[in-house]
Amino acid sequence: MMSESVVFNNKKKFAEGPNFTEKKSYRPETVKESGLAFVGHEISDDGKVMNQLLHYDQLYTIRHGWNSRFFKGLLEGKILGTQCPKCGDKWIPVRTHCWNLDCNLEKTEWIEMPLKAKVHTWTIAGWSGRSSLRRLPIILVYGIVEGSKVAIANELQGINPWDVDFGMPLKIVFKPKEKRIGAVTDFHFEPEDGWKPSQMNKEKERIKKLIQPVYEWVKTLR
Ligand SMILES: [Zn+2]
C-alpha cells in the first residue's frame, strides 16, 4: 500500500513559486472592517507574476498568474492584449489560448494594443455601490479595443448618457501614473477627440427624461 508521503512526493511540480520583493501597500487610513478596497500588490522578481490584495470585509489576494502582464501593463499606462501566432486573432480581455477551433488551443503571445476602441453596447447605471453614488448616473460600456475579437467592460466619461451610440469611437484614458494600482479602474473610456453627438431625437429625449430623477437625487447627497 502506498503511504501518504509517497503520494505527496510524486506530485508533479510545474514551476518554482515566484519570489516577491517588489511590494506596494496603499491601504487607505479609513478602510473599515466592512467594505471593499484595493490595499496593495506584489510583483515577482522576474516580473512575470503579479498578485493584488483586495480587502472585502477581509483581505483577499487575487493571483493573476499568467494574466499578470495585463495588470502590470495598466501600471505603465498600456493595454497589453494577447494574439494567436497561428490565426492572428487578438483579445482584450486577454485569453491565454486561442479560441479559434482550427487552432487547437494554441498558446497566445503578448502584444501592445492601441488606446482606441468603439462602443459594442452600453447601459446607464442609476444605482451603484456606496463609493460611486455621488458619480451617478454612470455609463457602463462594453468597448471593443481596436483589433480585439471581444469586448471589455469599463466606464465611459465625458459625455451625456443619452448621447452614447452603437459603434461610436472611443479613446482609452489612464489615470495619472501615481494613482494607478494595476486594476481595470486605472483607465476609462472617453469619446474620441473631435467626436460630436448626433442631434436629439425621440429616443434620446426619452432616456434624458428617465435619468433626470437620478441627477436630482444625487444633489440631495451630502
Ligand atoms: Zn488562433
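Predicted model: local features only at pLDDT ≥ 70, side-chain atom pairs only at ≥ 80, totals over all residues.

Colleague: Which residues of helix 2 are the buried ones?

Modeller: They are Ser 68, Phe 70, Phe 71, Lys 72, Gly 73, Leu 74 and Leu 75. After helix 2 comes Gly 77, with a positive phi near 75 degrees.

Colleague: Now Ser 44. Why is Ser 44 called buried?

Modeller: Its relative accessible area is 3%, and buried means under 20%, so Ser 44 gets the label. You'll find Ser 44 in strand 2, residues 36–44. Leaving out residues up to four places away in sequence, Ser 44 touches Pro 18, Asn 19, Phe 20 and Val 49.

Colleague: What makes the pairing of the Ser 44 and Asp 46 side chains a polar contact?

Modeller: The distance is 2.6 Å, and the cut-off for a pair of N or O atoms is within 3.5 Å, so the pair qualifies. The side chain of Ser 44 also has a polar atom 3.3 Å from the backbone nitrogen of Lys 48.

Colleague: And the second largest pocket: which residues line it?

Modeller: Gly 47, Lys 48, Val 49, Gly 65, Trp 66, Arg 69, Lys 107 and Trp 110. The pocket's volume is about 170 Å³.

Colleague: How does that lining divide by residue type?

Modeller: Three are nonpolar, two polar and three charged. Gly counts as polar here, so Gly 47 and Gly 65 go in that group.

Key. Residues numbered from 1 in each chain as written. Heavy atoms only, no water. Buried < 20%, exposed > 50% of the residue type's maximum accessible area, 1.4 Å probe, protein only. Helix = DSSP H or I, 4+ residues; strand = E, 2+ residues; numbered from the N terminus. 1 Å grid on protein atoms, 1.4 Å probe; cavity = no way out; pocket = protein on both sides within 12 Å on 5 of 7 lines; lining within 4 Å. Points joined across faces, edges and corners; volume = space filled by probe spheres on them. Contact = heavy atoms within 4.5 Å. Polar contact = N/O pair within 3.5 Å; in protein donor to acceptor, adjacent residues only side chain to side chain.
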